[in-house]
Amino acid sequence: MERNATKGILFGALSAASYGVNPVALYLYQDGFSSITVLMYRYIFAVIFMAILLLAKKESFRCTSAELKRMVLMGIFFSFSSLTLFESYRHIAVSISSTLLFSYPAFVAIIMTLIYGEKLSKLQIAGIAMVVVGVYLLNVKPGEGEERPLSETLIGVTLVIVSSLMYAIYIVATKQDKALANVSSLKLSFYSILFGSFVFILPPLFTGTDGTPFLLTTSKQWLSAISLGLFPTLISVTLLAYAIRYVGPTITALLGAFEPIAAVLIGILLFGERPSTLSYISMLIIFFGISIVILRDRQKAKKA
C-alpha cells in the first residue's frame, strides 16, 4: 500500500511537470496558428501515441456501453477545460490565467467534501492554502493585465474558472465513477482524449480556419506539435489517471503545483528567462505546502 502511495505521488508530480511543457505551443502561436488548431494537433498526436501504446501492451480496446458513455463525458470535460483555458489567454495575461487555473485543487477538495464526505484537517487546509499562495507568487507579476478593459478581464476570469472547475470534475470522476472502475488508466486516457479531440477537429472542418495556418509545414512546427501530443497530453494524462487511482483526487490535484514550476524551468531552458528571487521562494513554499498535505495523508492512512 505504501509502495502504491509512493508511486502515486511520483506519477502525480511527473504528470504535472509534463503538463508544464505547454509553453512549447508558443512556437506555433508565433507562426499564426489558432488555439483550436494547436489543440487539434495536440490531441490527434496523443491519440496516435496512446493507440500504439495500447497495441504494444496487447490491451483490448473493447469497452461496455456504460464505460463508453462515461468516457465521452470525460473527454468533453477535459477538452473544454483545455479550450476555455486557451481562450482565456485572449482576454487576460497568461500568468493570471495560470494562477486562477490553480483553483482546481480547491474545487476538488470542495467536491470531495460535499459529495463524497472526505474530511480535511486544519493542517491539510493550511497546506492547500500555502500551495495556492505559492502558485500565485510564482505566476503573477506586478502590473500585468492592469490596462485591460473590465469586460475583457471578467470574460477571461470566467473562462479560466470554468476551465478549473471542469478539470476538477474530470479528476474526481476518474476516481469516483463506478462505471470506470474496471477500465485501465491507459484505456481511460485514450478514450477521453479520443472523444475530446472531436471538439477541436470538427470546427475547422465545418467553419474553416478564418485564414489562420492549418497545416504543419516546417520541422519546427512538427516537433512542437508532436511534443504537445507527447508530454502535456499522452504522458501527463496517463500518469494523472494512475496517480488518481493510487493517492486519490485531492493529493493528485495538489501535486499539480509542479506544473507551474515545470513551466518556469521550461522558460529558463527554452526562452532564456531569468526567475527572480521571489520565484525561488515561491517554489519552496509550494514544496512545503505539498509536503504538509502528503505527510498528513500518510499519517491518516497508517492509523486506518
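Helices here are DSSP runs of H or I with at least four residues, and strands are E runs of at least two, numbered from the N terminus. Welcome to a predicted model, in which local features need pLDDT of at least 70, side-chain atom pairs count only at pLDDT 80 or more, and totals for chains, interfaces and linings use all residues. Residues are numbered from 1 along each chain as its sequence is written, and side-chain values use heavy atoms, with hydrogens and water left out.

**A loop residue**
- Lys58 sits in the loop between helix 3 and helix 4 (65-88).
- Although Lys58 is not a glycine, its phi is positive, near 55°.

**Aromatic pairs**
- There are 15 aromatic pairs in the structure; rings of Phe, Tyr and Trp (its six-membered ring) pair if their centres lie within 6.5 Å, and planes under 30 degrees apart count as stacked, over 60 as edge-to-face and the rest as tilted.
- Tyr41 and Phe214 make a tilted pair, because their ring centres are 6.5 Å apart and their planes stand at 45°.
- Tyr41 belongs to helix 3 (residues 35-56) and Phe214 to the loop between helix 9 (185-207) and helix 10 (219-255), so this pair ties together parts 173 residues apart in sequence.
- Tyr41 is buried at 11% relative accessibility, while Phe214 is partly exposed at 27%.
- Tyr104 and Tyr167 pair edge-to-face, with centres 4.8 Å apart and planes at 85°.

**An aromatic cluster**
- Tyr43, Phe78, Tyr104, Tyr167, Tyr170 and Phe200 form one aromatic cluster.
- Within that cluster, Tyr104 and Tyr167 are both buried.

How values were computed: Buried < 20%, exposed > 50% of the residue type's maximum accessible area, 1.4 Å probe, protein only.
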